[in-house]
Amino acid sequence: MKLKIDKFVFFIIIAIALAYLFPQWGTQESKLPLNTISSIGISLIFFFYGLKLSPEKLKQGLKNWKLHLLVQGATFLLFPLLILLIHPFIQNEEQENIWLGFFFLAALPSTVSSSVLMVSLAKGNIPAAIFNASISGIIGIAFTPLWMGLFVSDLQTDFDFTEIYIKLIVQIIIPVIIGLILHRFFGSFVQKHKSKITLFDKSIILLIIYKSFSESFEKNIFSAVSIVDLLLILIGVILLFSIVFYLTKLFSRKLHLNKEDQITAQFCGTKKSLVHGTVFSKILFGNMASIGIILLPLMLFHAIQILIISVVATKLSVRKLEEL
């Protein structure tokens, strides 16, 4: 069995390494217009996201409501509630920042491309995967800031909920709506150049990751994170993924979903979007010095989810082929 590791994970490591070696390029004092580039890039990412969404397919997808409720419930309720259970045990500011990173991860929507790809590989319900992954991104625009607003305002004195939503509307919602409106004219064009658009999306994500970690490295924030802490974060990420993966399977059986829908529920309900995470971090956390630490669980989760789901999807694909 061949297992392909996502090359993007290695590019993330390179971006973090560059931030460590050359943090001065990504700080607020830098003469490079990285803030402007990333802001424009964010709007374009979601404009293309809107162009790819088919209003007709979204309407058709509403019928399988049990599956949709399970996936969105796992994404926006189960994940955050599991992390909230740990909050009473937080004892200091360092633990608070790490916990906030986990909570930010938990509050994010599902990812589109890898969810659909893995569901396709495992021979799950592909139309339902496309619907859920797509609608998750739209729901996340409202739900993620609401969840984070419960805690970020306590850590960031200049946190302005009104300003946050204005940024979300201008940089995300308006581009998505424009994209949806123009889908009928340019939808086929986007599909034709999907690989180039994906490359653009990933480039902007890498830029935001570089900037985020540059700020943290410049201010020496990671000096508070030991190797032991890093290992504990990794273990926490694996545990979180495993618990949600098991619970979505359990709930899907309780709802009497067929095998294809069970696969879709597990694969879409356990994924978290690195695109939304890096974009939202720039809007929600601004120039918080600890933003690198906050993004750390998401970076590790991204690598872990791809690795585990790839293995599971490959095994399911082989098993189904043998059954046929």
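**A pocket and its aromatic neighbours**

The second largest pocket has a volume of about 470 Å³. Of the 18 residues lining this pocket, Ile 86, Ile 98, Trp 99, Phe 102 and Leu 232 come closest to its centre. The model is predicted, so every value here is computed from predicted atoms.

Which helices build the lining of the second largest pocket? Three of them supply at least two residues each: helix H4 (65-84), helix H5 (93-107) and helix H11 (227-254). H11 gives the most, with 7 residues. The lining divides into 13 nonpolar, 3 polar and 2 charged residues. Rolling a probe the size of a water molecule over the atoms shows where empty space is left.

Now turn to the aromatic rings. A pair of aromatic rings is described by two things: the distance of the centres and the angle of the planes. This structure holds 12 aromatic pairs. Take Phe 22 and Trp 25. Their ring centres are 4.7 Å apart, and their planes meet at 5 degrees. Planes under 30 degrees apart count as stacked, so this pair is stacked.

Next, look at Phe 48 and Phe 200. This aromatic pair is edge-to-face. The centres lie 6.1 Å apart, with 90 degrees between the planes. Where do the two residues sit? Phe 48 lies in helix H2 (residues 34-52), while Phe 200 lies in helix H10 (residues 194-218). The pair therefore ties together parts that are 152 residues apart in sequence. Phe 48 has 19% relative accessibility. Buried means under 20%, so Phe 48 counts as buried. Phe 200 is partly exposed, with a relative accessible area of 26%.

Rings can also gather in groups. Phe 79, Phe 241, Phe 245, Phe 267 and Phe 301 form one aromatic cluster. The charged end of Lys 272 sits over the ring of Phe 79, 4.4 Å from its centre. Which other ring does Lys 272 lie over? Lys 272 lies over the face of Phe 76, at 6.0 Å from the ring centre.

Note on methods. Residues are numbered from 1 along each chain as its sequence is written. This is a predicted model: local features need pLDDT of at least 70, side-chain atom pairs count only at pLDDT 80 or more; totals for chains, interfaces and linings use all residues. Side-chain values use heavy atoms; hydrogens and water are left out. Rings of Phe, Tyr and Trp (its six-membered ring) pair if their centres lie within 6.5 Å; planes under 30 degrees apart count as stacked, over 60 as edge-to-face and the rest as tilted. Helices (H or I, at least four residues) and strands (E, at least two) are DSSP runs, numbered from the N terminus. Buried means under 20% relative accessible area, exposed over 50%, partly exposed in between (1.4 Å probe, protein chains only). A charge sits over a ring if NZ of Lys or CZ of Arg is within 6 Å of the ring centre and within 35 degrees of the ring normal. On a 1 Å grid over the protein atoms alone, a cavity is a set of points where a 1.4 Å probe fits but cannot get out, and a pocket is an open set with protein on both sides within 12 Å along at least five of seven lines; lining residues have an atom within 4 Å of a point. Grid points are joined across faces, edges and corners, and a volume is the space filled by probe spheres set on the points. Ala, Val, Leu, Ile, Met, Phe, Trp, Tyr, Cys and Pro count as nonpolar, Asp, Glu, Lys and Arg as charged, and the others, Gly among them, as polar.
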